[in-house]
Amino acid sequence: MRGRIDAGVLVPLYVQDDGLHAVFTKRRDDLRRHPGEISFPGGRYDEGEADLRATALREAHEEIGLAPDAVEIVGALQPTPTIATGYAVYPFVGVIEPGREWTLSSREVAEVLELSVDSLRAGYGRRRLLRRGIPIRIDTYQVGENLIWGATARILADLFDRLEAVGR
């Protein structure tokens, strides 16, 4: 695809209190691309990296201090485009241990969110959002004040479909 930028993201999951949890970043409000949005740790492919899986692991390490050897990659989800910024996002699902201490990139990450899959599913809804002055109606997930939409919501929908297929 002409003009497309490949990116890898990590979908970190852990089990705690008999429930599955996902780890997200809330991006800083002063970023040029996707400011203030909730996303999975990740970013653009760097020339010379082995593959997009390596990109996802590198970015998770840079953004939240999650060492690559602390992640067991268990699969990949459908590549997902970002509509406004032209990225092709390749999500990799990784299992991690619960109770981690996060080291946030002061340049990119405002906070780390650890949300239960049950609360995410319960917070699903089609909502009307204003994007660049244009109203759009899209799938979202809301947990408390945290609203997940766009490519991250599409990645979550794919994850949930796969979890249902295996009875989780």
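Mentor: Helices (H or I, at least four residues) and strands (E, at least two) are DSSP runs, numbered from the N terminus. The model is predicted: local features need pLDDT of at least 70 and side-chain atom pairs pLDDT 80 or more, whereas totals for chains, interfaces and linings use all residues. Residues are numbered from 1 along each chain as its sequence is written, and side-chain values use heavy atoms, without hydrogens or water.

Trainee: In what order do the elements of the protein chain run from the N terminus on?

Mentor: The protein chain holds 3 helices and 11 strands. Read from the N terminus, their order is β-β-β-β-α-β-β-β-β-α-β-β-β-α.

Trainee: What radius of gyration does the protein chain have?

Mentor: The C-alpha atoms fill a box of roughly 45 × 40 × 30 Å along the principal axes. The radius of gyration is taken over C-alpha atoms, and the globule rule is 2.2 Å times the number of residues to the power 0.38. For 168 residues, a compact globule would come near 15 Å, and the protein chain agrees with its value of 15 Å.

Trainee: Among contacts between residues at least 6 apart in sequence, what percentage joins residues at least 24 apart?

Mentor: A contact requires heavy atoms within 4.5 Å. Of the contacts between residues at least 6 apart in sequence, the share that joins residues at least 24 apart is 58%.

Trainee: Is T25 buried or exposed?

Mentor: T25 belongs to strand 2. Beyond four places in sequence, T25 touches E37, I38, S39, F40, P41, E63, I64, V109 and E111. Its relative accessible area is 1%, so T25 is buried.

Trainee: Which residues does V74 contact, leaving aside neighbours within four places in sequence?

Mentor: V74 sits in strand 5 (residues 72-76) and, at 49% relative accessibility, counts as partly exposed. Its C-alpha atom is 29 Å from that of G36, 38 residues away along the chain. With those sequence neighbours set aside, the contacts of V74 are V93, G94 and V95.

Trainee: Where does D18, with its positive phi, lie in the chain?

Mentor: D18 has a phi near 60° and is exposed, with a relative accessible area of 79%. D17 also has a positive phi, about 55°, without being a glycine, and counts as exposed at 74% relative accessibility. D17 is placed in the loop between strand 1 and strand 2. The location of D18 is likewise the loop between strand 1 and strand 2.

Conventions:
Buried < 20%, exposed > 50% of the residue type's maximum accessible area, 1.4 Å probe, protein only.
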